[in-house]
Structure formats: structure tokens, C-alpha cells
Amino acid sequence: ANEDWPELLSASQKVIDREPNEDELITAIFYKSKALFELERYEDCSAALNELADYKIGSDQRFEINTLLASSEANLEKYEIAMSYLESMENRGDFADYAPRIRLQIGNIYELREDEAMAMDTYRKLAGDFPDSLAAKEAWYNVGKILIRDLSESEAAQEAFDMVKEGSATTNAPWFVEAGIKSVQIDSMTARIEKIDE
């Protein structure tokens with residue numbers, strides 16, 4: 001959905017200026033940060049989110065805040081800082097439910113850093129550890145996307161795209177649909193190449 005980010009930014013700032021209660025303030029700062037992130041104002045986004053560092057925040061919201069912080073810092077090419085926000089959650093029990101999504105983010109940051117080997121390694125481990133999670137499916141999609149850049153890896157890429165369809169978790173996310181399309185495209189491409197080779 002194409003949200004109106006400037007509008008969200010000004011609306012959340014109005015709430016902050018009213019000096020609301022703590023819960024509302026935390027939510028308003030989070031929405032302000034999200035709008036700043038979508039507007040590619042990563043420095044401002046990180047600064048706003050860092051205002052929430054000392055508040056007592058439940059693990060659901062803290063997960064959202066930390067992953068947004070990590071994405072912001074990664075977009076500023078501060079990869080070590082980005083990783084630290086994710087790793088701080090990775091080994092804590094209260095974030096156990098988020099483990100697959102945290103690992104997916106770590107893989108994304110390796111990709112941003114153009115470390116494709118580490119990214120694929122992270123994605124494959126995630127898929128092995130949490131095979132039924134949606135994050136595992138997205139991880140397989142990302143593996144396929146990296147492999148397809150090298151035509152000699154098209155078969156491995158197709159296998160990765162096919163793994164997206166395994167298991168029971170489903171989504172209508174664009175990458176889920178795209179994985180199916182790419183698998184078919186590789187199929188017809190392979191058939192064409194075999195014909196040429198005959």
C-alpha cells in the first residue's frame with residue numbers, strides 16, 4: 001500500500017507535541033520513525049528511534065523498533081551498528097518467537113553489504129532451523145534471487161524458488177508470487193538452451 005508518509009509524519013509529530021501519555025508517545029515516535037524511514041531520511045529515523053532507548057517497551061514493539069533501527073543504520077552503511085541491534089535480540093528468550101525474522105534481517109544486511117556468501121549462508125541456516133516459517137520461504141526466495149544472477153547457477157536458483165512453495169505457511173506477498181513465476185521462467189529458459197545444444 002502506498003501510504004502518505006509525509007502526512008503520517010506530520011500527524012505523528014502533532015501527537016508528540018501534545019505531550020501524550022507514555023504509551024501514545026512511544027507509538028507516535030514509532031510511526032514518525034517509520035514515515036522518516038520510508039521517506040529515506042535514515043539519520044532522522046535513527047535519531048527518533050533512539051529517543052525510545054530508555055523506555056520500558058514490550059518485546060513485540062521492541063522487535064519492531066530494533067529491526068527498523070537496523071534497517072536505517074544499514075541504509076547509512078553502518079553495518080556493524082545495524083547488526084548489533086539484531087544480535088542484541090537474537091540470543092534473548094523474550095524474542096524467541098521472532099528468531100526467524102531476526103535472522104532474515106541479518107541476511108538482508110549481509111546482502112546490503114554485498115557479502116552474498118554470508119547472506120546465502122544465513123538464509124539457508126534459517127530455512128533449515130525454521131523450515132515451516134514464512135521467513136524461511138522468504139529466505140529461499142532471496143537465495144534464488146542471488147543465484148539467478150549467475151546463469152550457470154540457474155538450476156540451483158530454481159530449486160531455491162521451488163522451496164518457497166514447500167510447507168504450509170502461505171502469504172500473498174509479491175516475493176511469494178514472484179518465486180513461482182521465476183521457477184517457470186527458468187524452466188522454459190533451460191528448455192530453450194537444451195534445444196540449442198541439440
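**Charged side chains and their surroundings**

Glu 114 counts as exposed, with a relative accessibility of 70%, in what is a predicted model. The residue is found in the loop between α6 and α7, and its phi is near 65°, a positive value in a residue other than glycine. Most residues other than glycine have a negative phi. Glu 19 also has a positive phi, of about 50°, although it is not a glycine; this residue is found in the loop between α1 (5-17) and α2. With a relative accessible area of 69%, Glu 19 is exposed because the limit for that class is over 50%.

The setting of these residues is helical, for the secondary structure of the chain comes to 10 helices and 0 strands. Taken along the principal axes, the C-alpha atoms fill a box of roughly 75 × 35 × 30 Å. Of the 198 residues, 42% count as buried, and the chain exposes about 11,400 Å², of which carbon and sulfur atoms supply 48%. Among contacts between residues at least 6 apart in sequence, 50% join residues at least 24 apart. The charges are made up of 21 positive and 42 negative side chains, yet the centres of the two sets lie 1 Å apart.

Turning to pairing, side chains of opposite charge can pair when their charged atoms come close. The count of salt bridges comes to 13. One of them joins Lys 34 to Glu 38, with 3.5 Å between the closest N and O atoms, which falls inside the limit of 4 Å. Lys 34 and Glu 38 are 4 residues apart in helix α2 (residues 22-38), so about one helical turn separates them. Lys 34 is partly exposed, with a relative accessible area of 28%, and Glu 38 counts as partly exposed at 34% relative accessibility.

Which parts of the chain does the salt bridge between Arg 103 and Asp 129 link? The closest N and O atoms of Arg 103 and Asp 129 are 2.9 Å apart in this salt bridge. The pair links distant parts of the chain, since Arg 103 belongs to helix α6 (residues 99-112) and Asp 129 to helix α7 (residues 116-129), 26 residues apart. Asp 129 is partly exposed, with a relative accessible area of 47%. Arg 103, at 17% relative accessibility, counts as buried because that class takes in values under 20%.

A further bridge is formed where the side chains of Glu 116 and Arg 149 meet, at 2.3 Å from N to O. Glu 116 counts as partly exposed at 33% relative accessibility, whereas Arg 149 is exposed, with a relative accessible area of 53%. Salt bridges that share partners also join Glu 90, Arg 103 and Asp 129 into one network.

Glu 155, Glu 159, Glu 194, Asp 197 and Glu 198 form a patch of negative charge on the surface. Helices α9 and α10 (174-197) are the elements that give two or more residues to the negative patch. Glu 198 lies in the segment after α10 and counts as exposed, at 80% relative accessibility. These residues can belong to a patch because patches are made of residues with over 30% relative accessible area and no salt bridge.

Ile 181 is found in helix α10 and is partly exposed, with a relative accessible area of 44%; its C-alpha atom is separated by 20 Å from that of Glu 194, 13 residues apart along the chain. Elsewhere, Ala 47 is found in helix α3 (residues 42-50) and is partly exposed, at a relative accessible area of 45%. The C-alpha atoms of Ala 47 and Ser 72, which are 25 residues apart along the chain, are separated by 10.0 Å.

Definitions and conventions
Residues are numbered from 1 along each chain as its sequence is written. Side-chain values use heavy atoms; hydrogens and water are left out. Buried means under 20% relative accessible area, exposed over 50%, partly exposed in between (1.4 Å probe, protein chains only). Contact means heavy atoms within 4.5 Å. Accessible areas come from the Shrake-Rupley method with a 1.4 Å probe; for residues, only the protein chains shown count as cover. Lys and Arg count as positive and Asp and Glu as negative; His and the chain ends are not counted. The place of a charge is taken as NZ of Lys, CZ of Arg, CG of Asp or CD of Glu. Patches are made of residues with over 30% relative accessible area and no salt bridge: like charges are joined within 9 Å, nonpolar side chains (Val, Leu, Ile, Met, Phe, Trp, Tyr) within 5 Å.
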